[in-house]
Structure formats: structure tokens, C-alpha cells
Amino acid sequence: MKYRHIKKWILLAAIILSGIVSHFSGGINSYYLQIIIFIGINITLAVGLNLINGYTGQFSLGHAGFMAIGAYVAAYLSTEHSAGLFRALGGPNFFSITLLFISVLIAGGLAAAAAGLIVGVPSLRLKGDYLAIVTLGFGEIIRVVIQNTDAVGGPRGYSGIANYTTLFWTYSVAAITIYVVVSLIDSTYGRGFLTVRDDEVASEAVGISTTRYKVTAFVLGAFFAGVAGGLYAHSTTYINPSGFDFQRSIEIVVMVILGGMGSTAGVAFAAILLTLLLEYLRFVSGYQWLPEIIRRIAANRVIIYSLVLIALMLLRPQGLFGRLPRRGIPIGGATKRAKLPALSA
Amino acid sequence: MLELSNLAVNYGSIIALHDVSLKVEKGAIVTLIGANGAGKSTTLRTVSGLLKARHGNIRYEGEEIGNLPPHRIVERGISQVPEGRMIFANLTVRENLLMGAYLRKDRHKLSAEFDFVFEIFPRLKERSRQVAGTLSGGEQQMLAISRALMSRPRCLMLDEPSLGIAPILTKTIFEKIVEINQSLGITILLVEQNANLALEISHYGYVLETGRILLHDRSSALRANERVKSAYLGGR
């Protein structure tokens, strides 16, 4: 199909473009560069979570936990176990660093995916709010375990991570994530995710194993979160368990809801918007001419999330881009679209 | 073709089926009638693997299928049209049908199936690009039946196809059920509250009451039966 080829070329173009921009990014103010990288990481996280929460209709509140696993595994491997690789390849040169970075990112992703499998399987018996509580608890368990693991610094955090993350890596990963999710949902196999969300009984009745789809969604979403975590660790060079708390998970969920559950473009857009908004609020909270109360609200992310969500529910319950919770192009092109029933999960 | 023996099913501590034995002959239309809560839908859901029996056997073409997961049962040629027209509301009509053929290995050559269901339900062809949630109730039922046919089943189980549909459409749908049975030779197990209609089109009938088979006979005989008449057919 032609459409499929176009997607591949767009992916390739996105990767090349991020390489070129990355090459000339030396002149960018390092604060702005950091924010641009965070945006890319958040796109990866949100698009991955959208596969679970948006397309498959499950409700995960533990995405920061998967991210933490990826971050710590990647950081630990690249910091403690890079010496052998560097020795074998003649020191830390372009080639050896690239190889190392790719390997630790994938290792972090795989570790997170394994955790996704572990939380995905027992969660299959749970729906809606109950699933949300379990995943929330799971994310917290991961954080607490890390907090009590001395090998990675416990509550002090883990420092001395090499700064490998560049614009190129961040946006290549974001582009690949978008590509994988979009291609998946557009395939006959991937439509199974949508049918699981629409109606589980009917899915089973036509022979779709809902179990397999739910677990696949969790594993894939967790994998991308793990890779994003690896990028994050190698960008900030210091990670600490409290950076992966409940609030971080909420942040990603808000991106998904804001963008429109089941709209990859919307979710990516919301990731950009929310990341910028939260950074801007840092300045707002510093403006002395503003009343004290507004500065305090601006400094408190949880209040902002709540306000954003309340406003969204009142004004545009389907999300910014969500005409209805499905991907853009149906087979053969749709002529009409269903109105989204109340947003229940 | 399909044989249930001494089937018992619980929902937690509530017993839905006490002891159900029934037989569906190849090529027949067999109907299961009974009041609300008699266990009709439970029986179908157990056959399709959505529920697990506490004890008893389900044999299909001589093999035990009681312990198989739902997708394995579909693979063997038993397809269910779930109660309440559970279509995929956010997919188009065409995509719904494609998903019906989800287990088919030859997904790329489904034109014969599409032709067939579009011939039975021409309305669906007109609406093939429409999102299924925007169809009328009757059209959704047609879609649910068509979707079940896409897997090329040998046995089709229909759960309350008349539920919430205009009487005139109900009649059409029942005619189509007969057509599917006759032109494709698909065996049909029909669960229905509208006992009159169900016994009219079926060959054999079972009357279910509070989880037990009360009586069973040829449909024509059941329609003449005084007990059935007074309890289910509104006669005196």
C-alpha cells in the first residue's frame, strides 16, 4: 500500500532531520536545548501510554514506574559496565559510544517491558478504576524499591551518568515510537486493540484474544517508557527516585487525555504543549508583581493539572484532537464519524 | 454436531444452569426458549467459552471443547452473535467485518465473504464506510450477524437477535437467518425470547426454565403443546 510507504519515508525524514538539527544544535542555549529534549522524551512517554490508555482502553497510572526502570537500568549499565566495551573498541570514541548508548537504551526498554509483562498479566482481571489503582501501586512499589537499593544510590539518587542524550537520539526515538504505534493501529492485527476497547465480549466472540492484546499493549507501552527513561537519565546525568513519583505518571496521563485518547497526533501535540506550559509556569511563579496566590498556584503542578483537566472536561471532553477515540485514517476512508460517547475511562 | 451434556454453570454462588443437556443436529436450526433468567444466554456463553462450566461436557463434532478459550472455539467453526448487538462502535462497517475474519489465515481473499454478506444484507454495502456506532439498531444486528459469518462458521449461535429491534426488521432478520441456514448449510443455535418467531423458523426446540431443560421436541410439536402455548406463546 502506498500509504504505508509514505509513513516509512516520513520516519526516515524525521530521523535525518533530527540528526541535522542535532548537529547544529551547539549554538542553542543549553536551557532551551534541555527543554526541547524533555519535549521529545515526553512525546515518547505519552504516545506509548496512549497505546495502553487510549487505543486499548485500559487505564494505567504507573507509567513513571516503567520509565524509572528504564532510566536506572540504562544509567547503571552505561556507568558501571562501559569500561570493557570501551577497552575492546579503543576507548570512548564515536562508534563505541553510539553502540553503548543504543545497547543501554534497549536494555532499559526491555527491563521496563518485562515489568510491563509482570504488571500486565495480573491486571487483566481488573478494569477501569481498579486497574488504575493497581498500576498506581505498582509504580510506587518500583520507586520505593529503587529508594532502598543502595547500589544505585537509594534516596540520594544516582549521579555521574554520561551526557549522551542529544536531540538526534531523543527525536529519533520519538519518531520511531510514533511510527510503530501508528503502523500498528493501522494494521489488521492492530485493529484488535481498538476492538478490545470497544467491546471485550464481541472481541472474544470473533476470536480475538483480549488477554494477548492487553498484555501486548502494556509490554509495548512499558518498553517505550523504558527507553524514554534511558534518554532522560543520560540527559540530566542525575536521577533520583522522587523524579519518578505518582505526579510524573499523572503528568503523562494528562498529556494523553489532553491530546485526545486514541489520537497519536493529539497526544504528541499535548506533550509539547504541556511541557512548555509547565516550564513557563516556573517563570510565572517568580514574577514578583503577581499576587502571591497566583504565584503559588503556578508553582504547584498538581493544581495546574487539575485545572487543565476540569477545563477540558467542560469545554472539550474528547480531548484537543480527539474527534473520537480512533486513529486518523480508516480503511477505505470514512464518510461519517461517530460522536464519542461520554469519556468513561 | 454440538452436544451438551449435564452442563452446570455458576456465577459465583448463584447457580445459572443446573443440568442442561441438548443436542444440535448438523444443518438444523435449533432454538432455546425460556423466560428471563432461565439460562439461555448462559448456555450460549458457555459453549463459546466466555464462561466456564462447573461440570458437564460440551462436545463439538465429537471432540470436547469445554476447556478451550474463546478464540480456539471460533477457530473450530463456532461463531457467536453476542446479545445486545455488540459491534465495534468506533470501527467502520467494513472494518467490523474484517475483524470478523480475524482468525482466517487467508485474510486477503475475503471478497467471496463480503459478496455473500452484502447480498444477504444489501443495506450494509451501502453503509460499508460508515462508522458502525451510527447505524440503526436493526442495521447493527445485521452487522453483528454478518461479522460472525465472516469467519465462515459451520455453527452459528445467535443470542436474542430480536432484542430492541423494530418488529418489521425482526421479521426480516429471521428470514435472513433461515436463508443463511439453507443457502450455506450453517447449523444454527438460536436463543430467543420471542418464542413464536423462534419456533416458526426452527426445526427443534428446547424450553429452558430456571437452569433446567423443561421439555424438548420438534418445533411444530412445541407450538401445539399446551404448556408452551400458555407460558410462552401468549395463547390459552
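B:Ile168 is exposed because 9 other C-beta atoms lie within 10 Å; a residue counts as exposed at 12 or fewer such neighbours, as buried at 20 or more and as partly exposed in between, with C-beta atoms placed from the backbone. This is a predicted model, in which local features need pLDDT of at least 70 and side-chain atom pairs count only at pLDDT 80 or more, while totals for chains, interfaces and linings use all residues. Residues are numbered from 1 along each chain as its sequence is written, and chains are lettered from A and ligands numbered from 1 in the order in which they are written.

B:Ile168 belongs to helix 7 (residues 167-184) of chain B; helices (H or I, at least four residues) and strands (E, at least two) are DSSP runs numbered from the N terminus. Its C-alpha atom is separated by 9.7 Å from that of B:Gly138, 30 residues apart along the chain.

**Strands of chain B**

In strand 6 (residues 78-81) of chain B, B:Ile78 and B:Gln80 point one way, B:Ser79 and B:Val81 point the other way, and all are buried. In a regular strand, side chains alternate between the two faces of the sheet. Strand 6 of chain B pairs in the parallel sense with strand 7 (residues 155-159) of chain B over 4 bridges, where pairing requires at least two DSSP bridges. Within strand 7 of chain B, B:Leu158 stands opposite B:Val81.

| Residue | Phi | Location in chain B |
|---|---|---|
| B:Thr210 | about 35° | loop between strand 9 (204-209) and strand 10 (212-218) |

B:Asn6 counts as partly exposed, with 13 C-beta neighbours inside 10 Å. B:Thr210 is partly exposed, with 14 other C-beta atoms within 10 Å.

**Helix packing in chain A**

Helix 11 (residues 246-259) of chain A packs against helix 12 (residues 264-284) of chain A at an angle of about 125°, with their axes 7 Å apart. Axes are lines fitted to C-alpha atoms, for helices over the stretch in contact, and angles run from 0 to 180 degrees between N-to-C directions. The two helices are therefore oblique to each other, since angles under 35 degrees count as roughly parallel, over 145 as roughly antiparallel, 65 to 115 as roughly perpendicular and the rest as oblique.

Residues of helix 11 of chain A in the contact include A:Val254 and A:Met255, and those of helix 12 of chain A include A:Phe269 and A:Leu274; contact requires C-beta atoms, placed from the backbone, within 7 Å.

How values were computed. Contact = placed C-beta atoms within 7 Å.
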